[in-house]
Amino acid sequence: MRQLELLAPAKNLQIGIAAIDHGADAVYIGAVGFGARQAAGNSIDDIRQLCEYAHRFEVKVYVTVNTIVYDKELDAAKELLLQLSAIHVDGVLIQDMGLLELGGQSHIPLHASTQCDIRTIEKVRWLKSLGFRRAVLARELSLEEIREIHEAVPDIELEVFVHGALCVSYSGVCYASQYAFNRSANRGNCAQFCRLKFNLEDSEGKILEKQRYMLSLKDLCQSDHLEELADAGACSFKIEGRLKDMDYVKNVVSAYSQELDRLVARRPEDFCRSSRGKVSYTFKPDLKKTFNRGFTTYFLNGRQPEINAMDTPKAVGEYVGTVKEIREDSFNVAGTASFSNGDGLCFFNDDHELEGCRINRVVNNRLFPQRMPASLHKGMQLFRNHDEAFKKILEGKTAERKIPIRMRLSAVDNGIQLEVSDGYHSVEAHSGMDMQRAKKPQKENINRQLTKLGNTFYDCGQVEFTDGIEACFIPNSVLSTLKRNVISELDTALLTDAASRSDHELSDTSLSKDRIQEVRPSHWQPEYASYPYLYNISNQLAVDFYSRQGLKVEGSAFELLNHSALADSKQLIMQCRYCIRYALGHCVKRGGVAPAWKEPLFLVLPDGKRFRLEFNCKVCQMNIYAEK
């Protein structure tokens, strides 16, 4: 039986706890520095509290230390890893190979971040040889590619993205933000270059597409394909979003957790969840009601059309109907959706621009917006990107996670004994008292007193009685003391076991210099040979690492290059599986119409910066180069 893990983002401690309460089997969170989302850092004490909360449910806590690190920062990075080890985090995601030695010293299980550009069997086999416990695969991989990797390297955990924003470039080899805005994606400070407007021009200067979001993609949604991914070999299903708010995490985690529960219920011989605790929900999750640019399964089943969102990089939300009638200050909608004061609606105008309005008042099916959009007309499709009623539901308590326990009350010498078991730990508490037969039935009262567990982490439906104890009179104060003591004992046993298990996993970590000779690195993609900055080497430890590997890399990370000295040379700033030629219907290899334009094509920003497109049809890849 294979364990399946739903991995949720945690912007902070509160959102991490909410993710756990709503069904996450693991959460990933950023520390104060070195995380690939610079704006989502957390103190060591907050991460410690999150670990303590999570480990009660055997939920794992992973910390992102997945930026490239400069020499002057190595001491701070080492100190961070030692601090994370001390608070029993369950793993750390890294990109920088210079951190391997530091990771070995801290004995933390290391996961190879998707920033490592993990898209081939050879790369995964190499990472496994180094001692990485898990590889976070590139978002672009298909089911078949995931299956092939799992079959070739079965003894490494495979983590796949299942929901959230998509980067148009393979992660870790995108330098567009650094080049254009001096903000490094590999340093956690991406400026979202791919969400900008461009002109698409051919080599003769003809504008083919004017001011469109040529590199913007829809959001990923694999909620209907978890079983296929599990069968292909994935064990961890990752939700993107360490910058997302509480509502997003509550809704998305709940939706995916319930899907995984249904999968496990259908195939209990094959799969189980990796954490414990039963979640009860007070709302029905709906993925369409939280931030999304429209959904795609991306390359799950190979290349497919309409994975892009060229008209807008903003949230579109759920389709709610078409405009039926317009008056001076209001309009109504043909459809079955109901609306609330405060809803946000949007539509695409005749110029393919996204416009929106906030609804001030709803009268039956007539909507009175704060401001009537001038370009709204009859027949337009409407979308809701803010659902006020759903937001109010999510503001309250929407889920509760409890560990099921069994209780047994027995008579013993000179008193009574309460035993509690959660299936893994058994504890007991005693109380001395003279046993007296009750004048009226006590079973219902005893059961009610003992199973009333309030704000604890436990739930018990029925107490087992032995030795005729239910016929005896036991004061409620005695029952309360017994219950309090035994729950305290169970808490202690559970947390002690979690810490012991974490210590064992830490001591089992095998990342060290001794492991660095088993499988040699290579130019995993041909471009690595021509552009050595693709290795993202930013410190001396990384230089030494690759030297010991027998691979001499001439050059530093892109962020450390003198770009003014490279003004006359072409600079590769993105590698994409997404292809503009295919998106526009002109991939002849796949049945498209032969284009009339003259290549090469260029993306041009309003400030005049130009980027040349190279279509490598042999491997279905689009490279993007900066042009001076």
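Q: Which residue forms a salt bridge with lysine 289, and how far apart are the closest N and O atoms?

A: Side chains of opposite charge can pair when their charged atoms come close. In this predicted model, lysine 289 forms a salt bridge with glutamate 318, and the closest N and O atoms of the two are 2.7 Å apart. Lysine 289 lies in the loop between β13 and β14, whereas glutamate 318 lies in strand β15 (residues 318–326), so the pair ties together parts that are 29 residues apart in sequence. As for accessibility, lysine 289 counts as partly exposed at 23%, while glutamate 318, with a relative accessible area of 9%, is buried. Elsewhere, salt bridges that share partners join Glu5, Arg134, Glu157, Glu159 and Lys238 into one network.

Q: Why does arginine 266 count as exposed, and what is glutamate 227?

A: Exposed means a relative accessible area over 50%; arginine 266 is exposed because its value is 51%. Glutamate 227, at 27%, counts as partly exposed.

Q: How many aromatic pairs are there, and why is the pair of phenylalanine 283 and phenylalanine 390 called tilted?

A: The count comes to 23 aromatic pairs. The ring centres of phenylalanine 283 and phenylalanine 390 are 6.2 Å apart and their planes stand at 55 degrees, so the pair is tilted. This pair links distant parts of the chain, with phenylalanine 283 in the loop between β13 (278–281) and β14 (295–296) and phenylalanine 390 in helix α10 (residues 388–395), 107 residues apart. Phenylalanine 283 is buried at 10% relative accessibility, and phenylalanine 390 is buried at 9%. For tyrosine 528 and tyrosine 535, the centres are 5.0 Å apart and the planes are at 85 degrees, so that pair is edge-to-face. Both tyrosines also belong to a cluster, linked by ring pairs, with Trp126, Trp524, Phe545 and Tyr546.

Q: Over which ring does the charged end of arginine 187 sit?

A: The charged end of arginine 187 sits over the ring of tyrosine 70, 3.9 Å from its centre. The charged end of arginine 361 sits over the ring of phenylalanine 368, 4.0 Å from its centre.

Q: What volume does the second largest pocket have, and which element gives the most to its lining?

A: The second largest pocket has a volume of about 460 Å³. It is lined by 23 residues, of which Gln3, Lys60, Arg134, Glu157 and Ser274 are the closest to its centre. The elements that give two or more residues to this lining are β1 (2–10), β3 (60–65), β7 (157–164) and α12, and β1 gives the most, with four residues. By class, the lining of the second largest pocket divides into eight nonpolar, five polar and ten charged residues.

Definitions and conventions: Residues numbered from 1 in each chain as written. Predicted model: local features only at pLDDT ≥ 70, side-chain atom pairs only at ≥ 80, totals over all residues. Heavy atoms only, no water. Phe/Tyr/Trp six-rings, centres within 6.5 Å; stacked < 30°, edge-to-face > 60°. Buried < 20%, exposed > 50% of the residue type's maximum accessible area, 1.4 Å probe, protein only. Lys NZ or Arg CZ within 6 Å of the ring centre and 35° of its normal. 1 Å grid on protein atoms, 1.4 Å probe; cavity = no way out; pocket = protein on both sides within 12 Å on 5 of 7 lines; lining within 4 Å. Points joined across faces, edges and corners; volume = space filled by probe spheres on them. Nonpolar A, V, L, I, M, F, W, Y, C, P; charged D, E, K, R; others polar. Salt bridge = Lys/Arg side-chain N within 4 Å of Asp/Glu carboxyl O.
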